[in-house]
Amino acid sequence: MSLGSLINFMNPFRVFQQYVSLPVEVFVSRQYSGYKKKTEEGLTSVKELLFRAGVVTVFLAAIIWVSIFMYVVFYYTYMPNVTHVRPVHLQFKSCDESMGVCSFPSAHVQLTRRSQMLMSGQSYRIKLVLDMPESQTNKDLGMFMVCAQMRAKGGVLVSSSCRAAMLRHRSIVHYIMRTLTLAPIFITGLDEEKQQLQVELFSDFEDDENIPITDAYVEVQSRYAQVYGCELHVEAHFAGLRYYMFHWPKVSAVIGISSNLFFVSLVFILSWYHLQDGLPEFIKNKFGGETKTEQDDDEKRGGKIKLEKEDSSPFFEGDILLEELQRIEEPKKKS
């Protein structure tokens with residue numbers, strides 16, 4: 001070993017670079033590459049997880065909103081309007097020679113201008129609400145009759161009814177105590193000394209789809225009845241499912257939306273498995289028989305082609321040997 005090579009071998013910079021610096025750089029680069037790879041894999045997994053969570057959230061929100069929308073559409077399609085209120089403007093014939101009314105107060109009430117207002121097959125309560133003052137005339141009046149006629153287009157009579165009505169009796173003591181107690185309200189005009197009579201004319205009225213009612217004719221059969229005003233109320237009388245949906249709307253909504261959510265989720269899951277070809281085998285055998293037979297036919301055809309190729313390979317090898325023998329024999333014949 002020459003002196004130069006010995007000096008070069010014992011060079012401290014070379015020793016430091018070869019035995020200290022280079023191993024440290026290799027170690028650091030390996031660790032950095034490992035951590036970088038793990039970080040990239042972690043970011044990729046986090047992105048995939050967030051993407052999957054977003055897709056699941058979107059589908060869940062869509063399923064929930066579809067279930068709610070289906071219940072709302074069913075509710076407004078299946079449930080009729082609860083109450084129809086129409087004002088009643090009573091008319092009468094005035095007396096010529098004396099004060100007062102010389103005919104029964106009556107009114108024509110137009111329920112609707114369309115062909116049908118009430119839902120067919122649904123029972124309704126029809127009542128006349130009268131605001132009558134507690135005057136001495138009304139107290140002395142006693143009982144009186146209220147009649148109504150329900151007619152279709154063209155004035156066709158569908159149904160009629162008459163019911164009795166009268167003011168509620170109040171004793172003198174009750175009247176005095178009530179008047180003294182409510183005196184401030186009466187003085188300020190927030191309330192009046194009157195009674196509201198609700199005369200139920202039809203308890204279970206059902207509209208005919210072929211002859212729907214469009215008009216009502218009301219008559220108070222008393223010339224001495226004093227009335228502030230009156231209204232005709234047509235209220236739906238629910239039974240069965242409509243009764244529960246109207247009186248327990250929150251419970252009905254929870255049950256209806258939950259049922260829709262179950263069926264929509266079931267349809268979605270089955271559709272997803274069908275698109276992903278992930279149905280169980282027993283369902284595939286029932287619903288996917290044609291697809292399976294086609295795949296089997298393709299496999300059989302592919303197998304036959306393979307067998308034919310395998311069987312034909314010795315024939316090709318024999319032809320190649322014959323050609324080589326002919327090439328070897330040709331120079332001999334020429335010589």
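User: What counts as a polar contact here, and which side chain does the side chain of threonine 214 meet in one?
Analyst: A polar contact is a pair of N or O atoms within 3.5 Å. Residues adjacent in sequence count only if both atoms are side-chain atoms. In this predicted model, the side chain of threonine 214 makes such a contact at 2.8 Å. The partner is the side chain of aspartate 215.

User: Which residues does threonine 214 contact, leaving aside neighbours within four places in sequence?
Analyst: Take threonine 214 in strand β7. Its contacts beyond four places in sequence are Val109, Gln110, Leu111, Thr112, Arg114, Ser115, Arg151, Ala152 and Lys153.

User: Which backbone oxygen does the side chain of serine 161 reach?
Analyst: Serine 161 sits in strand β5, residues 157–165. At a relative accessible area of 11%, serine 161 falls under the 20% cut-off and is therefore buried. It touches Val146, Cys147, Ala148, Leu201 and Phe202, not counting residues up to four places away in sequence. At 2.6 Å, its side chain reaches the backbone oxygen of leucine 201.

User: Which residues does methionine 150 contact, leaving aside neighbours within four places in sequence?
Analyst: Methionine 150 is one of the residues with the most contacts inside the largest nonpolar core. Beyond four places in sequence, it contacts Leu111, Ile126, Val156, Leu157, Val158, Ser159, Phe202, Phe205, Ile213, Asp215 and Ala216.

User: How many charged residues are in the lining of the second largest pocket?
Analyst: This pocket has a volume of about 270 Å³. Its lining includes Val55, Phe59, Ser265 and Trp272. Helices α2 (12–78) and α7 (249–275) each supply at least two lining residues. By class, the lining has eleven nonpolar residues, one polar, and charged residues: none.

User: What share of contacts between residues at least 6 apart in sequence join residues at least 24 apart?
Analyst: The protein has nine helices and eight strands. Of its 335 residues, 22% are buried. Among contacts between residues at least 6 apart, the share joining residues at least 24 apart is 78%.

Terms used
Residues are numbered from 1 along each chain as its sequence is written. This is a predicted model: local features need pLDDT of at least 70, side-chain atom pairs count only at pLDDT 80 or more; totals for chains, interfaces and linings use all residues. Side-chain values use heavy atoms; hydrogens and water are left out. Helices (H or I, at least four residues) and strands (E, at least two) are DSSP runs, numbered from the N terminus. Buried means under 20% relative accessible area, exposed over 50%, partly exposed in between (1.4 Å probe, protein chains only). A polar contact is a pair of N or O atoms within 3.5 Å; within protein, one must be able to donate a hydrogen and the other to accept it, and residues adjacent in sequence count only if both atoms are side-chain atoms. Contact means heavy atoms within 4.5 Å. A nonpolar core is a set of buried Ala, Val, Leu, Ile, Met, Phe, Trp, Tyr and Cys residues joined through side-chain atoms within 4.5 Å. On a 1 Å grid over the protein atoms alone, a cavity is a set of points where a 1.4 Å probe fits but cannot get out, and a pocket is an open set with protein on both sides within 12 Å along at least five of seven lines; lining residues have an atom within 4 Å of a point. Grid points are joined across faces, edges and corners, and a volume is the space filled by probe spheres set on the points. Ala, Val, Leu, Ile, Met, Phe, Trp, Tyr, Cys and Pro count as nonpolar, Asp, Glu, Lys and Arg as charged, and the others, Gly among them, as polar.
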